[in-house]
Amino acid sequence: MTSTEQGRHKYDQLADKYEEIFPYVADVGRLLVDHARPAAGARVLDVGAGRGAVARAALAAGCDVTAVDASAGMVARMAMDFPDIVARQMDAGGLDFPDGSFDLVTAGFVMQVLPDPDVALAEFRRVLAPGGTLALSLEKQTVGRLRWLFELAGEFFGVPVPGDDEESSGAMTSRRLNALIEQAGFTDLATDSVEMPVPLAGPEALWDWLRPRGLTDAVGRLPAEQAEQFHIRFLAGAEHMRTAGGISLDFRATLHVASRP
Ligand SMILES: C[S@@+](CC[C@H](N)C(=O)[O-])C[C@H]1O[C@@H](n2cnc3c(N)ncnc32)[C@H](O)[C@@H]1O
């Protein structure tokens, strides 16, 4: 399987539970459309639409919405849930629409999963009409008070512990995304931040929150004794976090809005 096929397969598997696992995407989708301020009747293309977090906000704003995604599972689910949205399976790097077809192109939490974000941005610019708007959101990776958990995961699963300096990580950051947006020829770029704390009651609640988000799979690959050790150390670390100010996951995102000259 190529990395593109693996990515597609991952999202096909996630389609039916995606918004239950990541409930904040709906709020960010609404905020992104608020920031882009499309007129009623505007032609909107939502790329990497997933279950339609951004697309349905545009629909609610009275827009004429087309939504595309590389995952057939996501497209099927979106088409079933929102019959008023034109849903098509398509790659962000090769949009099957004529030049200047849309007034607003959106992509919520997509730029960081694309192998060639610059190719996608050139496509977004091409399908936008002159004077059109681009609106993107990007999750901001933060370690913060969860450093103990990243270190524990590093020890048991061999994954690198991210540094606090996002820019040195090589990941897509808001600064890198802004540079790409400008290189693609967009103007009037504005960036805004969104913070959504997810408070959790205690160590078990943190365990339950993380289980569908990859923890069950990762722990399932450990030998039984190590899995038990991990669980014990996890609960101890989470209890320490609880007594040292509470368990809250600080979900952060940036919104990037620009114009196509
Ligand atoms: C993190 S999800 C975001 C979904 C949605 N926009 C939201 O805000 O909830 C990323 C989405 O991008 C899609 N995707 C990944 N690579 C893609 C590509 N090359 N072209 C189009 N969509 C892609 C995935 O299938 C997935 O639905």
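This report covers the sheet, the helices around it, the salt bridges and some backbone details.

## Basis of the model

This is a predicted model, in which local features need pLDDT of at least 70, side-chain atom pairs count only at pLDDT 80 or more, and totals for chains, interfaces and linings use all residues. Residues are numbered from 1 along each chain as its sequence is written, and side-chain values use heavy atoms, with hydrogens and water left out.

Helices (H or I, at least four residues) and strands (E, at least two) are DSSP runs, numbered from the N terminus.

## The sheet

Seven strands make up an open sheet with mixed pairing. Their order is E3-E2-E1-E4-E5-E7-E6. Two strands pair if DSSP finds at least two bridges between them. Strand E3 (86-89) and strand E6 (187-200) form the edges, each pairing on one side only. From one strand to the next, the twist averages 15°.

Strand E4 (residues 102-108) pairs with strand E5 (residues 128-140) in the parallel sense. Six bridges link E4 and E5. Leu-134 in E5 stands opposite Val-105.

## Helices across the sheet

Helix H5 (residues 72-81) lies across strand E2 (64-69) and E3. H5 runs at about 165° to E3. Helix H6 (residues 117-127) lies across strand E1 (43-47), E4 and E5. The angle of H6 to E5 is about 145°. Axes here are lines fitted to C-alpha atoms, for helices over the stretch in contact; angles run from 0 to 180 degrees between N-to-C directions.

Helix H4 (53-60) has buried residues at Ala-53, Val-54, Ala-55, Ala-57 and Ala-58. Buried means under 20% relative accessible area, exposed over 50%, and partly exposed in between (1.4 Å probe, protein chains only). The buried residues of H4 pack against H2, helix H3 (24-36), E1, E2 and E4. Contact means heavy atoms within 4.5 Å. Gly-62 follows H4 and has a positive phi, near 90°.

## The H7 and H11 pair

Two packed helices are described by the angle between their axes and the distance between the axes. Helix H7 (residues 147-157) packs with helix H11 (residues 224-243) at an angle of about 170°. Their axes are 10 Å apart. H7 is therefore roughly antiparallel to H11. Angles under 35 degrees count as roughly parallel, over 145 as roughly antiparallel, 65 to 115 as roughly perpendicular and the rest as oblique.

H7 brings Trp-148, Leu-149, Leu-152, Glu-155, Phe-156 and Phe-157 to the contact. H11 brings Gln-226, Gln-229, Phe-230, Arg-233, Phe-234, Gly-237, Ala-238 and Met-241. By class, the contact has nine nonpolar, three polar and two charged residues. Ala, Val, Leu, Ile, Met, Phe, Trp, Tyr, Cys and Pro count as nonpolar; Asp, Glu, Lys and Arg count as charged; the others, Gly among them, count as polar.

## Salt bridges

A search of the whole structure finds 15 salt bridges. A salt bridge is a side-chain nitrogen of Lys or Arg within 4 Å of a carboxyl oxygen of Asp or Glu. Arg-51 forms one with Glu-20, with the closest N and O atoms 3.5 Å apart. Arg-51 lies in the loop between E1 and H4, and Glu-20 lies in helix H2 (residues 18-21), so the pair ties together parts 31 residues apart in sequence. Arg-51 counts as buried, at 6% relative accessibility. Glu-20 counts as exposed, at 51%.

Arg-252 forms a salt bridge with Glu-195, with the closest N and O atoms 3.4 Å apart. Arg-252 lies in strand E7 (residues 247-259) and Glu-195 in strand E6, so this pair ties together parts 57 residues apart in sequence. Arg-252 is partly exposed at 24% relative accessibility, and Glu-195 is exposed at 55%. Glu-239 and Arg-242 meet in a salt bridge at 2.7 Å, N to O. Both lie in helix H11, three residues apart, about one turn of the helix. Both count as partly exposed, Glu-239 at 30% and Arg-242 at 37%. Salt bridges that share partners also join Asp-16, Glu-20, Arg-51, Arg-77 and Asp-81 into one network.

## Positive phi outside glycine

Arg-37 is not a glycine, yet has a positive phi of about 45°. Arg-37 sits in the loop between H3 and E1. At 70% relative accessibility, Arg-37 counts as exposed.

Asp-188 is another residue other than glycine with a positive phi, near 50°. Asp-188 is found in strand E6. Asp-188 counts as exposed, at 61% relative accessibility.
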